[in-house]
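Dear colleague,

I am passing on the structure below, together with some notes on it. Please read them beside the coordinates.

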Amino acid sequence: MSTTEDLIGRADLNDLEAILSVSAPDREESIRAVRDNADAIFTWDYEKGARPALNKLYEKAKVSMWNGETDLPWDTVVDQEEVARNNQALAGGFENLDLSHTPFAKWGDKEWTNLGMEFQNWSLSQFMHGEQGALICTAKIVETVPWIDAKYYASTQVMDEARHVEVFARYLDSKLNGHYPLNAHLGLLLEDIIEDSRWDMTYLGMQIMVEGLALAAFGFMHQMTTEPLLKQLLRYVMSDEARHVAFGVLSLQEYYAELTAAELMERQEFAFEAAVRMRDRFMQQEVWERMGLNPRDVLPLLIDNPNRLLFQQMLFTKIVPNCKKLGLLDANDGWLRTRFQELGVIDFEHLTDTSDEYQAFALSDAELKTEVG
Ligand SMILES: [Fe+2]
Ligand SMILES: [Fe+2]
């Protein structure tokens, strides 16, 4: 059994120096190659519907496609500064804190508004990069999963993810005032998922962990933002994302039921490592640097900030019940349950899992009606 240090390179979850030591390398290159160690699998069993839940999801996906070019109101005028002023809650949750002996003491309205805009640039940039990760991971699932119903479904998700990358990139380019490169913590996680040779690890890393977090984060931003184009964009993306998380839960449920305790342990460790990387990502170290602050001065304020803590925990509302449904919380004497306790997120285990939530998130016929012309 591995220790926390073996898994995430530090014994203390809140070791700030260790968190900051993972930073994005100065990359000038416009592409990055990552070795995929998995075999591509053919199956000769073409029986459609052998896995009814996946078949149902596939049929649902076919009639749920929307068009990022024509279904969103791109002519909406976005005043990013006004959006930032109206959405202070999205800008870090520093309200009600005594900031008098901190780097923020000298800040006025202008700096707080700039921070709000940088948060938006950062968040949407990470969403966009994460969506490309999903595009690549799901293409990998098409190749590696041995079941025909899963290959069929995954192919529809590839199309969904292309659409998501497309709309986030367009929003960043045409409505916001800056981009960020891929966050280093998120990058490590995506590379771990792509390099792994075991087909189910792609699902666990992407559909359960990354997309589970995305669904929660999109939901939060969808609820908070006053900007109508972004609100609708997130609504459409979430209707797909809920299906993707369901795909992960429904596929792994069958597979994990047959794994040994030792095999499950590897999955539990992978889930924990992914959870920590995603939490570290939300320290947003690049934003502090761009605002001219030293992240070493800011991170202690984040770690102790109850508003931030709440936000951070909220990101796990989908992940924890889904891990429970897959048996990952309780296997091996509740190893992952203890880790999630340390992260302060175990209370979410009683929320409903996401195996059929996609039906509630589905777009209506009116929302799906694309104008031809
Ligand atoms: Fe997506
Ligand atoms: Fe997705």
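Predicted model: local features only at pLDDT ≥ 70, side-chain atom pairs only at ≥ 80, totals over all residues.

Residues are numbered from 1 along each chain as its sequence is written, while chains are lettered from A and ligands numbered from 1 in the order in which they are written.

The secondary structure of the chain consists of 17 helices and zero strands, where helices (H or I, at least four residues) and strands (E, at least two) are DSSP runs numbered from the N terminus. The chain has a radius of gyration of 21 Å, close to the 21 Å that the globule rule gives for 373 residues, so it is as compact as a globular protein of that length; the radius is taken over C-alpha atoms, and the rule is 2.2 Å times the number of residues to the power 0.38. Along the principal axes, the C-alpha atoms fill a box of roughly 65 × 60 × 40 Å. Of the contacts in the chain with a separation of 6 or more, 85% are accounted for by residues 24 or more positions apart, a contact being two residues whose C-beta atoms, placed from the backbone, lie within 7 Å.

The axes of helix H5 (residues 109–144) and helix H7 (residues 184–195) come within 10 Å and cross at roughly 5°, the axes being lines fitted to C-alpha atoms, for helices over the stretch in contact, with angles running from 0 to 180 degrees between N-to-C directions. H5 and H7 are therefore roughly parallel to each other (angles under 35 degrees count as roughly parallel, over 145 as roughly antiparallel, 65 to 115 as roughly perpendicular and the rest as oblique). In this pairing, Gln126, His129, Gly130, Gly133, Ile136, Cys137 and Lys140 in H5 meet Leu186, Leu190, Ile193 and Ile194 in H7.

For helix H10 (residues 261–281) and helix H15 (residues 331–342), the axes come within 10 Å and cross at roughly 0°, which makes H10 roughly parallel to H15.

Finally, Phe218 is found in helix H8 (residues 199–224), and with 20 C-beta neighbours inside 10 Å Phe218 counts as buried (20 or more other C-beta atoms within 10 Å mean buried, 12 or fewer exposed, and in between partly exposed). Not counting residues up to four places away in sequence, Phe218 touches Leu234, Val237, Met238 and Glu241.
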